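Please keep the sequence and the structure in view while reading.

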Amino acid sequence: METVLRPAIVAGGAVALTLLVGWTTDLLLRKADESRGDSPLWDLLRRGRVPYQLVLCAALLRGSYDQARLFPEHRTGVGRTLTLVLIGAAAWLVIRIAAAIVETTYTRYARAHHDPARVRRVRTQVTLIMRVVSAIVGVVAVAAMLLTFPAMRAAGASLLASAGVLGIVAGVAAQSTLSNMFAGLQIAFGDMVRIGDTVVVDGEWGTVEEITLTFLTVRTWDERRITMPVSYFTSRPFENWSRGTPQMTGIVYWHLDHSAPVEAMREKLRDILRGCPAWDGRAYGLQVTDTTPSTIQVRALVTAKDADDIWTVRVAVREQMITWLAAEHPYALPRVNTADAARPPHQAASPEGTSFRRAYEFPRTGRG
């Protein structure tokens, strides 16, 4: 009877105590979150209740396993399994606590500062910091798990002795990966590009959606995702439309007939912009910038508060101006001239076709 009751009491007591402590801790965190609604820390800490209970249960079972006398012939294996669970759960809990602290710090910073560029920069930095912390904790946890095996401890000396050679080999083999990792840290703390920035890379316009230590994802306007190594942004030029102030100036071109009413177009542009909510009211203009034998090039300059609004203003101006020209001034649209060629004045009285043809004949040379 004792061989059955003792393990049941020890295991059941550990589980019951774990559930009781976990429920009490969760209740305290919930009350703290209700009383301190301005801080998300307590609610974020509640996300770690599962690894917290695993740590408690594994620690209680590992500490009381000798008194339980359960499976004595497998004592070493069961004890090592509980140790591995304890290490893994502890690493999980540390990552959850670190994530809660980092997220709370970022939330407070975002509430205190209203500059979107600075907020995106801090968001990029805390995201990469959290990834580095998770990687470090994971590596330490795996190393601690491996050290629980005697064979690994015995091999440690030989591994350390050859660490120099292995480091050189690993550095050469992982040169690209290491360069991307350092480029990721350079992007995070050098403020080159941030999550949420509008960029143009390889002719593609989009928004930076994700930045890791090794790659960066850009979401294009048509919902595609372009993934590229972060070293691209430290070694090649690219356009960042969100650097400095997000205000932008856009250009709209039209190719029109020489008789186009330019002054009336300026007045129409002003009316179009006044009815466009995306225009920020800073500036506008319309000029003839080029001419060809058959058309003129008219350019309009418009402004908006960011890249999304400048796109809206440009398409609205282009569409409404063309519609207005087609309805009110159709002669201003480009057309192909099919009129007969006019003769020079001094040849107007010549016999039909004779002088006109001779004027364009090439002089004959040589015989015949």
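In this predicted model, a search of the whole structure turns up one aromatic pair. The partners are Trp279 and Tyr284, with ring centres 6.0 Å apart and planes at 80°, so the arrangement is edge-to-face.

**Aromatic pair**
- The angle of 80° between the ring planes of Trp279 and Tyr284 is judged against a cut-off of over 60 degrees for edge-to-face.
- Trp279 has a relative accessible area of 18% and is buried, because buried means under 20%.
- Tyr284, at 39% relative accessibility, is partly exposed.

**Second largest pocket**
- The volume of the second largest pocket is about 230 Å³.
- Its lining includes the tryptophans Trp205, Trp221, Trp241 and Trp311.
- Met248, Thr249, Gly250 and Ile251 also line this pocket, as do Ala307, Ile310 and Arg314.
- Strand E6 (248–256) and helix H11 (307–328) each contribute at least two residues to the lining of the second largest pocket.
- By residue class, the lining of the second largest pocket has eight nonpolar residues, two polar and one charged.

**Overall make-up**
- The protein has 12 helices and eight strands.
- It comprises 368 residues, of which 31% count as buried.
- Of the contacts between residues at least 6 apart in sequence, 64% link residues at least 24 apart.

Technical notes. Residues numbered from 1 in each chain as written. Predicted model: local features only at pLDDT ≥ 70, side-chain atom pairs only at ≥ 80, totals over all residues. Heavy atoms only, no water. Phe/Tyr/Trp six-rings, centres within 6.5 Å; stacked < 30°, edge-to-face > 60°. Buried < 20%, exposed > 50% of the residue type's maximum accessible area, 1.4 Å probe, protein only. Helix = DSSP H or I, 4+ residues; strand = E, 2+ residues; numbered from the N terminus. Contact = heavy atoms within 4.5 Å. 1 Å grid on protein atoms, 1.4 Å probe; cavity = no way out; pocket = protein on both sides within 12 Å on 5 of 7 lines; lining within 4 Å. Points joined across faces, edges and corners; volume = space filled by probe spheres on them. Nonpolar A, V, L, I, M, F, W, Y, C, P; charged D, E, K, R; others polar.
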